[in-house]
Structure formats: C-alpha cells, structure tokens
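Dear colleague,

Please find the structure below, together with its sequence. My notes on what was found in it follow.

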Amino acid sequence: MLTLDKVFNAQTVLKSIIRETNVVRAYGIAPDCELYLKPENLQITGSFKVRGSAYKIAMLSDDEKKKGVIACSAGNHAQGVALAATKNGIKSLICLPDTAPISKVEATKGFGAEVCLVEGCYDDAYKKALELRDSEGYTFVHPFDDENVIAGQGTIALEILNDLDNIDAIVVPVGGGGLISGIAYTAKQIRPSVKVYGVQVAGAPSMYNSVRDGEIKCLSSVSTIADGIAVKQPGENTFRCVSEYVDDIALVTDDEVASAILALIEKQKMIAEGAGATAVAAVMSGKFDLKGKRVVAVVSGGNIDVTSLSRVIDRGLLNSGRSTSLLIELIDKPGQLKEISSIIADCGGNVTGVHYEKGNTESVNGCFLRIEMETRDFEHVNLITRTLRDEGFKLV
C-alpha cells in the first residue's frame, strides 16, 4: 500500500542521493497565471526518475542486492537505476530501446550500468527485461508501476508544498503515470484543495484514453518527440492512482511541446527534453482553466540529444512565427532580388537564406525565389507577405 509515511520515509532515504530542486518563478511564458517551475531537469541524472529508482533499490533485501537489478527505460529511468545501484555497490543491467538518444545510452553506461539495446520501443525493452529477470534472477525495477517507485516520485510534491504556499494547481507530464501518481497522492493527502493536472502528448495518449474509457488501454503504436513519455500502456497501480487523485488530463501536440522547449530556453535559460516540457506546453496553450491561479509546472527532465534539440528549436521557431519561408514566382530579370530584399528590410525582417529555383511557371522566363527569414511573430509575417503582394509580387 502506498502511504504518506512511505513518501516521508523516501524523502529521508533520498537526502544523500538526490538534489532538492527549488521551484522558480517563470516570467513571460504564461501571462494569465502565476507560473512556477519545478526544475527536475536540474536533478542529478537530469531527470526526476532517480527519486523512484533510488528509493526502490534502497528498500531491497540483502539477498536481492547480491543478485543485482534490471530495468528497462527510454533513458531517464535507466540513469536513475544505474546511479542508485552503483552507489549501493549493486550490479545493474538496463534494457533500452534502440531508438533511445545516444546521449542517454552513454550516460547510462557512465553511471556504471551494463546496457542491452532492444529493437523497438519501450514496451519491447520491457519484455526483454522480464525475460532476463526470470532467467538470471535479477530484481526488476519498474519505471512507474511500483509503490516504492511512486513513493519516491511523491517526494517532489513534498518539496513543492514546502517551497510555496497557496498553490492552486500542479501540472505534471504523464507517461506510465508514476510521477503524477506520487505527486497527486501526496498533494491530495496534505492539501486536498490543490488541483493536479496531467499532460500527455497526442501521439502517445495511453493514460488519457484509459481514464476516459474507465479501463486500462494499450496503444498499438506511439509517435512523439517526447520519447520519455512514449508509453503504450499505463500500469495497474498508476491507473488506479490517476483515476482517484488526478483532476484532469489533457493532450498536447508535438508542435506545442516544441514551442514550450523554445520558450523555456529563451525565457528561463532552461533546457528541457520533450517529455519535460509537456506540462509547460499545456499551460502555454491553455489546456486547463488556470487564469489568475498560482500554478507549478513540473519540468520533469532535461536529457535531450543535442541534434534533437536543434531540430526542435527550428520547429519551435516556425510554430511561433519567429522564422518563415516564402516562395515567390518571378520573371527572371535583373533587380528582382534587390527589390524584394528592400521590402523585407523596410518591414523589419531579416533574410537568412535565398534559393533560386527553376520550375513550371506560367511564363517561359519565369523562376521561383525561395526566401528564408527571421521574423518577430505571425503578425510580422503577415505584414511582409501583404506588402510583397501590394507591390505586385506573386507568392506561391
């Protein structure tokens, strides 16, 4: 049974392992509410996962510790298990999907674990880990569906409630449900008035579908930039906790997540992975009624691959109107580029790329000019396109 005493015990046990991440006020991200961030991306291992895995491992018997532990993960849980096992002098074997970012694989090895890459997604790695558990006698450390793991994640709520008074809501990313189960259970026991909201991505809505239908649902596939919460099926314990203690769950798109990652970088100088930014994405896009409320969004992790971060930033710039691309059909004659550049400059845009393309135009002497620009927002883009049209240019 999950109890409040267990969560408080976890807080004591974890003091020598984890970092207490103080909430920080966020400005310029969600002007309609008083937003605070719980920056678990600054946690040791870069994710909240170390809390649950470290408490689970601390509670093992001496015999279980001798045999070692095994886990499966998209990356963050792997690092938490590896660090906790190494600190306790225990062997750890981690099964990861072969799609896991290289940075997470290498970090897991760096914390002292052996790594077994499994073809497929998280659920495929999960099956492999269970096979090895049964054949080798390891203790399996579940990433979310375990009462000790959930209790470890619940320590986040204790820290939030200790840092802030009069909280109206806590917004939490949801994958398998371990994080939100621990936070929701703990928060509701101590301060029942606090609303707890969950956020999943539209490409992996396993808990959302399960709560909506009143029974655990398994997705046939998942597709999202938020790999840390790309889970096909929630756990039995977490489904029960979420159904009982969570007030609402919403879905966000990958584009909304990309915009949130960009906003965190620009406004807070904070790096979040896709899963870690989903709560902020929900607040930014108005998924819950938070106007005038004091809200804490949990930034659950920051372990994003650098190449992925570059792509996400580009996507976020496009989605927010900060960059755009125009295709203009022209008559191929001198002076056209100069005139177009002058119009864009007079409107305050910054040209970052020019590409000349021959194509199937109405005129034999026609061509296409693709212009890439930095802009302020969508209103700025509309100003530039409207001005170009007024000057007689044909935008495709």
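**The parallel sheet**

Within the sheet, Cys-95 has Cys-116 of strand E5 as its bridge partner. This is a predicted model, in which local features need pLDDT of at least 70 and side-chain atom pairs count only at pLDDT 80 or more, while totals for chains, interfaces and linings use all residues. Residues are numbered from 1 along each chain as its sequence is written, and side-chain values use heavy atoms, leaving out hydrogens and water. Helices (H or I, at least four residues) and strands (E, at least two) are DSSP runs, numbered from the N terminus.

Strand E4 (residues 92–97) runs parallel to E5, and 5 bridges join them. Both belong to an open sheet of 4 strands in the order E5-E4-E3-E6, with parallel pairing; two strands pair if DSSP finds at least two bridges between them. At the edges are strand E5 (114–118) and strand E6 (139–140), each of which pairs on one side only. Helix H4 (residues 76–87) packs on this sheet and touches strand E3 (69–72) and E4. The direction of H4 makes about 175° with that of E4. Contact here means heavy atoms within 4.5 Å. Axes are lines fitted to C-alpha atoms, for helices over the stretch in contact, and angles run from 0 to 180 degrees between N-to-C directions.

**Helix H11 and its surroundings**

Helix H11 (residues 254–268) packs against helix H13 (residues 306–319) at an angle of about 100°, their axes being 8 Å apart. H11 and H13 are therefore roughly perpendicular, a term used for angles of 65 to 115 degrees. On the H11 side the contact involves Asp-255, Ala-258, Ser-259, Ile-261, Leu-262 and Ile-265; H13 contributes residues including Leu-309, Val-312, Ile-313 and Arg-315. The residues of this contact comprise 8 nonpolar, 3 polar and 2 charged. In this count Ala, Val, Leu, Ile, Met, Phe, Trp, Tyr, Cys and Pro are nonpolar, Asp, Glu, Lys and Arg are charged, and the others, Gly among them, are polar.

The 15 residues of H11 should span 21 Å at 1.5 Å a residue, and its end C-alpha atoms are 20 Å apart, which agrees; the expected span is 1.5 Å times one less than the number of residues. Among the buried residues of H11 are Val-257, Ala-260, Leu-264 and Gln-268, where buried means under 20% relative accessible area and exposed over 50%, with partly exposed in between (1.4 Å probe, protein chains only). Their cover includes strand E2 (34–39), strand E8 (195–201), helix H12 (278–284) and H13.

Lys-269 follows H11 and is found in the loop between H11 and H12. Lys-269 has a positive phi of about 55° although it is not a glycine, and is exposed at a relative accessible area of 66%. Asn-166 also has a positive phi of about 55° and is not a glycine. Asn-166 lies in the loop between helix H7 (147–163) and strand E7 (169–173) and is exposed, at 62% relative accessibility. Most residues other than glycine have a negative phi.

**Buried positions elsewhere**

Val-246 sits in the loop between helix H10 (236–245) and strand E9 (248–252) and is buried, with a relative accessible area of 12%. Beyond its neighbours within four places in sequence, Val-246 is in contact with Ile-180, Ala-184, Val-196, Gly-198 and Cys-241.

In helix H2 (residues 49–58), 9 of the 10 residues are buried, so H2 is largely enclosed by the rest of the structure. The buried residues include Lys-49, Arg-51 and Lys-56.

With kind regards

Definitions and conventions
Parallel < 35°, antiparallel > 145°, perpendicular 65-115°, else oblique.
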